[in-house]
Amino acid sequence: MLGVVCLSGWIISLALGEIWFGWFDAIRSSLLGQVCSVAWVFALFYHLLNGVRHLFWDIGWGFDLPQVYGSGYAAVMVAGVLTGILFFFA
Amino acid sequence: MKSASQHWWLQRVSAVVLIPLVGWIAIFVLGRMSADYEGARVWLGQPLNGGLMIVSLFVLYWHARLGLQVIAEDYVANSVRRRRLLLGVNGIVLFWIAAAVVAVCAIMRF
């Protein structure tokens, strides 16, 4: 949710002009901004993967306890890997 | 349809729609948020990119609103406080979605 607000902030600063974009970029590239960026991207991927788990459960797939645990740990790890890949290329 | 089952369906539909949209944001949008003001404006000004961004914003905020509503309904027992909280959530979501969509339109126009 906060990440989407930040995405909106980026778009709005793009529309308002270069001075506003400079402010956005200063906050984003600060240490706190970078830490928050990584945390938000990880949370986004983790939420996405868990959402897919829930959608599969809704259609009755993977709802046995070992599978639930397995996909849960997999979601954490895949989210970590995807976050690493994204910041490697960004 | 009853509002609870409608909420359930809208939540699932928005979740399924967001799978490809979040993929698009992760691959094409997040990397563009670092520097290059002009490049980002030109990119977002393309009809396909701007259009996908407007759709993404609507579905993202809609999905977020549905989720925050569930949190309020599950954890705020007092019905007056719950209603005020949900009104506040609706107001904040409406403000950000309007501002962001107007901004995309402005970038696409100029």
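This is a predicted model: local features need pLDDT of at least 70, side-chain atom pairs count only at pLDDT 80 or more; totals for chains, interfaces and linings use all residues.

Colleague: What span should helix 3 of chain A have, and how far apart are its end C-alpha atoms?

Modeller: Helix 3 of chain A covers residues 31–58, so at 1.5 Å a residue its 28 residues should span 40 Å. The end C-alpha atoms are 40 Å apart, which agrees.

Colleague: Which residues of helix 3 of chain A are buried?

Modeller: A:S37, A:V41, A:L44, A:F45, A:L48 and A:G51. They pack against helix 1, helix 2 and helix 4 of chain A, and also against helix 1 of chain B.

Colleague: Why would residues a few places apart point the same way?

Modeller: An α-helix has 3.6 residues a turn, so residues three or four places apart point the same way.

Colleague: New topic. How many residues does each chain put into the contact?

Modeller: Chain B gives 25 residues and chain A gives 23 residues. On the chain B side, helix 4 supplies the largest share, seven residues. That side of chain B divides into 21 nonpolar, two polar and two charged residues.

Colleague: And which residues touch the most other members of the largest nonpolar core?

Modeller: Of its 30 residues, those are A:I11, A:L14, B:Y61, B:A100, B:A103 and B:V104. The largest share of this core, seven residues, comes from helix 1 of chain A.

Colleague: What does B:Y61 touch, leaving out residues up to four places away in sequence?

Modeller: B:Y61 touches A:V4, B:V93, B:W96 and B:I97.

Notes: Residues are numbered from 1 along each chain as its sequence is written. Chains are lettered from A and ligands numbered from 1 in the order in which they are written. Two residues are in contact if their C-beta atoms, placed from the backbone, lie within 7 Å. Helices (H or I, at least four residues) and strands (E, at least two) are DSSP runs, numbered from the N terminus. Ala, Val, Leu, Ile, Met, Phe, Trp, Tyr, Cys and Pro count as nonpolar, Asp, Glu, Lys and Arg as charged, and the others, Gly among them, as polar. The expected span of a helix is 1.5 Å times one less than its number of residues. A residue is buried if 20 or more other C-beta atoms lie within 10 Å of its own, exposed if 12 or fewer, and partly exposed in between; C-beta atoms are placed from the backbone. A nonpolar core is a set of buried Ala, Val, Leu, Ile, Met, Phe, Trp, Tyr and Cys residues joined through C-beta atoms within 7 Å.
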